[in-house]
Structures are given as structure tokens and as C-alpha cells.
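Let's take a walk through a protein model together. Have a look at the chain first, and then we'll go through it piece by piece.

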Amino acid sequence: MKISTFIFLLSFTPFVALAQMLQVEQQTIERYLPGTWVCDFTTDIDGTSASGRSEDTYISNGRFNSVAEFKFQLSGEKATTTYLATGAGTWALDGNQFTTTATFTMHQQSSNSAQQRPEDAAPLELPEIIDVVEIVEINESKFIMKNQPDGSLTECSRKIE
């Protein structure tokens, strides 16, 4: 009886060690995440290519604020339209899975398209956005996320004030 209990405990040990490693990783993320991060990104939104830069401030209480500038390439033209997006919401961790839930308002800043004029565009309130990424690396100066589901990486750097 004692030998079988000992063998069971030995077989269970790697799972305990793995769980502890994941917990350490989450603790590392929780330690480094609070603060302001600047991220350059490219994305595809409803079939339209967009690129930009965001400044995201994460607070240790699970809240965050974001200001981002998006540049959209207009289909069929060489023109671009630039938007400023402001948002606020919450963040949560489950191991290295990082989930943000936020609402954003988009303001058109400029357009070099003959079809669009910024003064004609009213702010656009977006529905709640839930984003899940995998944190690949984080330290005091760098934060790298793996976007779902395409697997692209976004690298952010801590804003020094």
C-alpha cells in the first residue's frame, strides 16, 4: 500500500511542477504589466488593412485605458484615412492568456481620399471588444503578445516618463 502511494505521488509531481511554473509566469506578468506600453501594430479589420500605434496604460486593479492611431488603406485607392481611437476597459490573466474587454470611440483625424472629409465624420462608438492574446515575453522594458488566431506577434515597449 505504501509503495503504490509513493509511486502515485511521484507520477503526480511533474504536474505540480508545471502548475507552479505557470503560476510563476502569471506572477511575473502581473509584476511587469502595470504601466504604460507603446505598441506598433498591423491588423486586418473586416478585410481592410490597418496599421498604427497604441499607448495602453494597465493598472494593477485590472483596469486599462488605450489611445491608438489607426491608418486604414482605402480599397481601390492609394488613399489612407487616419482615426484616433480612445478606449477603456478591464484586463485579466489566466496563466499567460491575456484578455482585454473594452469599449472604444473612433474619431476620424484625416483622409487624403477625395471621397471622405474628416469634418463630415461623426465619432463612431464601437461595440464592446473582447481580445485574447498569449503573452510570449514580458520584462521591465519589453512586452510581446501573440495574437489569436493568426499567430502574429506584437511588440510593445514601456513608455518612460
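## The chain as a whole

Among contacts in the chain between residues at least 6 apart in sequence, 44% join residues at least 24 apart; a contact here means heavy atoms within 4.5 Å. Before going further, keep in mind that this is a predicted model, where local features need pLDDT of at least 70, side-chain atom pairs count only at pLDDT 80 or more, and totals for chains, interfaces and linings use all residues. Residues are numbered from 1 along each chain as its sequence is written, and side-chain values use heavy atoms, with hydrogens and water left out.

Of the 161 residues, 32% count as buried. Buried means under 20% relative accessible area, exposed over 50%, and partly exposed in between (1.4 Å probe, protein chains only).

## The nonpolar core

A nonpolar core is a set of buried Ala, Val, Leu, Ile, Met, Phe, Trp, Tyr and Cys residues joined through side-chain atoms within 4.5 Å. The largest one here has 26 residues, and Leu33, Trp37, Tyr58, Phe70, Phe98, Ile138 and Phe143 touch the most other members. Elements that each supply at least two residues of this core include helix H1 (2-32), strand S1 (35-45) and strand S5 (97-111).

Leaving out residues up to four places away in sequence, Tyr58 touches Leu33, Pro34, Gly35, Trp37, Arg63, Phe64, Trp91, Phe98, Thr100 and Phe143.

## Rings that pair up

How many aromatic pairs does a search of the whole structure find? The count is nine. One of them is Trp91 with Phe98, a tilted pair at 6.1 Å centre to centre with 50° between the planes. Rings of Phe, Tyr and Trp (its six-membered ring) pair if their centres lie within 6.5 Å; planes under 30 degrees apart count as stacked, over 60 as edge-to-face and the rest as tilted.

Both partners are buried: Trp91 has 11% relative accessibility, and Phe98 has 2%. Ring pairs also link Trp37, Tyr58, Phe64, Trp91, Phe98 and Phe143 into a cluster.

## One disulfide

A search of the whole structure turns up one disulfide, meaning a pair of cysteine sulfur atoms within 2.5 Å. Cys39 is joined to Cys156, S to S 1.9 Å. The two sit in distant parts of the chain, 117 residues apart, with Cys39 in strand S1 and Cys156 in strand S9 (residues 153-158).

Why is this disulfide called right-handed? Because the torsion about the S-S bond is about 105°. Cys39 is buried at 3% relative accessibility, and Cys156 is buried at 2%.

## A buried aspartate

Now find Asp56 in strand S2. Is Asp56 buried or exposed? Its relative accessibility is 8%, so Asp56 counts as buried. The side chain of Asp56 makes polar contacts with the side chains of Ser54 (3.0 Å) and Ser66 (2.5 Å). A polar contact is a pair of N or O atoms within 3.5 Å; within protein, one must be able to donate a hydrogen and the other to accept it, and residues adjacent in sequence count only if both atoms are side-chain atoms.

Asp56 also touches Cys39, among others. The C-alpha atoms of Asp56 and Cys156 are separated by 9.5 Å, although these residues are 100 apart along the chain.

Technical notes:
Helices (H or I, at least four residues) and strands (E, at least two) are DSSP runs, numbered from the N terminus.
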